[in-house]
Amino acid sequence: MPPPPKNRGHAPAKAGKGRPPPQQPGRRMASRDAGERAAFFARREAATVLRRVLRGDASKRAGGSIKSLVYSPSVRNKRATFALVCQTLKYLTILKEVLASTGVLSSKWKKQEELVYVTAYDILFGQEIAVSGPVEQFIMLHKDAFRMALEKMCAKRKVNAVEDLLSKKSTVKPKPRFLRVNTLKTTSGSVIEVLKKTHKVVKDDIVPDMLVLPPGTDLHKHPLVTDGKVFLQGKASCMVAVALSPKPGWKVIDACAAPGNKTVHLAALMNGEGSIIACELNKERAKTLQHTVRKSGANNIETVNGDFLEIDSNDPSYAEVRAILLDPSCSGSGISTERLDHLLPSHSTACVCIPH
Ligand SMILES: C[S@@+](CC[C@H](N)C(=O)[O-])C[C@H]1O[C@@H](n2cnc3c(N)ncnc32)[C@H](O)[C@@H]1O
């Protein structure tokens, strides 16, 4: 028998499409209300991301990674949205089988099937739902039928819990949280002193001034990050500037620079001495590059919004250039574990495991 779902099955409130219902009078727990409303919107944001991810996967075209889609400016509740997308993908084969076996998906709901999957995940395996719209009402209406279908699946496959239906292939070893100390502003020793009060932190054994923290450590809002004293940069990304090993005083071109993590890493390795010309073709990304440069405190970087291919190599101002860092595709974005590709249907053909 599958374990009982965590939500307690509140009667769904009436709501318009895409809009949560008004707050119920008499409720005292304002923060809980806010959390429920945030969850309502996170389900919609997760459904939009899921649609793009699944379409990209089905068409075998390189769409945006889950992370890049979630971290786009249009997504407000990034943390909850990311968790919902990943969890829904993990349970997707089971959810599809449950919905198919109960035969409740009319053409109306098929048009919004990603929202149905996300909401079904949230109601069957996730949190208690109180703030609801039409899709929540639809899932709540059929919740008992879905639970029975889950029980039948477990019985048929001779497993005790729904989690036992999940493929072992769908889990990968979580990666540590890497961060790079910006030596233009601080030292590894100072950062370790601050972080060790709250986290387990060690120095990386390969990349200088890289620190390693446990997987899942969230430092996005930590003052060290917001002040530009550390950059949340992956290990592979940091190896590039280290491999180039620019010396203080060199003149270097970063040809494809935005968002600028490697540019400012170059500046740190050069101890802020010499000069870096950072080219970025895309206008919006050039603004991000400028922001990264400002945050790093480097004052030897000239940003250029333009095509590095149009640089006139005969121009005497480039005569002194000692090295070019060329990173047209991100060192991390092509790695399947970074992109969480293992969660996609095309990577998990045997997502439901059937014991012999
Ligand atoms: C993978 S990203 C670079 C990441 C960056 N090195 C970092 O570590 O933060 C590639 C960037 O190159 C830019 N780009 C592509 N072709 C370019 C060109 N011909 N000239 C300048 N920038 C270009 C893209 O707009 C994109 O922002």
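Predicted model: local features only at pLDDT ≥ 70, side-chain atom pairs only at ≥ 80, totals over all residues.
Helices, at least four residues long, and strands, at least two, are DSSP runs numbered from the N terminus.

S245 comes after helix 10 and has a positive phi, near 50°. Is S245 buried or exposed? A residue counts as exposed if 12 or fewer other C-beta atoms lie within 10 Å of its own, and because S245 has 11 of them within 10 Å, S245 is exposed. Although S245 and L266 are 21 residues apart in sequence, their C-alpha atoms are 8.1 Å apart in space.

In helix 10 the buried residues are S237, C238 and A241; they lie on the same side of the helix, because the arc they cover around the axis is only 95°. The elements that cover these buried residues of helix 10 include strand 1 (177-181), strand 3 (210-213), helix 11 and strand 8 (321-325).

From strand 5 the chain passes through helix 11 (residues 261-269) to strand 6, in a β-α-β crossover that is right-handed. Strands 5 and 6 pair in the parallel sense over 4 bridges, and within this region I253 stands opposite I277 in strand 6. Strand 6 (residues 275-280) is itself mostly covered, with 5 of its 6 residues buried.

On leaving strand 6, the chain continues through helix 12 (residues 283-296) to strand 7, and this β-α-β crossover is likewise right-handed. The pairing of strand 6 with strand 7 (residues 301-305) is in the parallel sense and extends over 5 bridges, where E280 has N305 in strand 7 as its bridge partner.

Once its neighbours within four places in sequence are left aside, V85 is in contact with A46, V49, L50, I66 and V70.

Taken as a whole, the protein has 13 helices and 8 strands, and 33% of its 356 residues are buried. Of the contacts between residues at least 6 apart in sequence, 72% join residues at least 24 apart.

A careful reading also takes account of the predictor's confidence. The average pLDDT of the protein is 82, and 79% of the residues score at least 70. Over residues 331-336 pLDDT stays under 50, and the model has 13 contacts beyond four places in sequence for them; over residues 349-356 pLDDT also stays under 50, with 16 such contacts in the model. For the complex, the predictor gives an ipTM of 0.99 and a pTM of 0.58.

Methods: Residues numbered from 1 in each chain as written. Buried ≥ 20, exposed ≤ 12 C-beta atoms within 10 Å, placed from the backbone. Contact = placed C-beta atoms within 7 Å. Pairing = 2+ DSSP bridges. Right-handed = clockwise from strand over helix to strand, strands pointing away. pLDDT = per-residue confidence, 0-100. Arc of directions from axis to C-beta.
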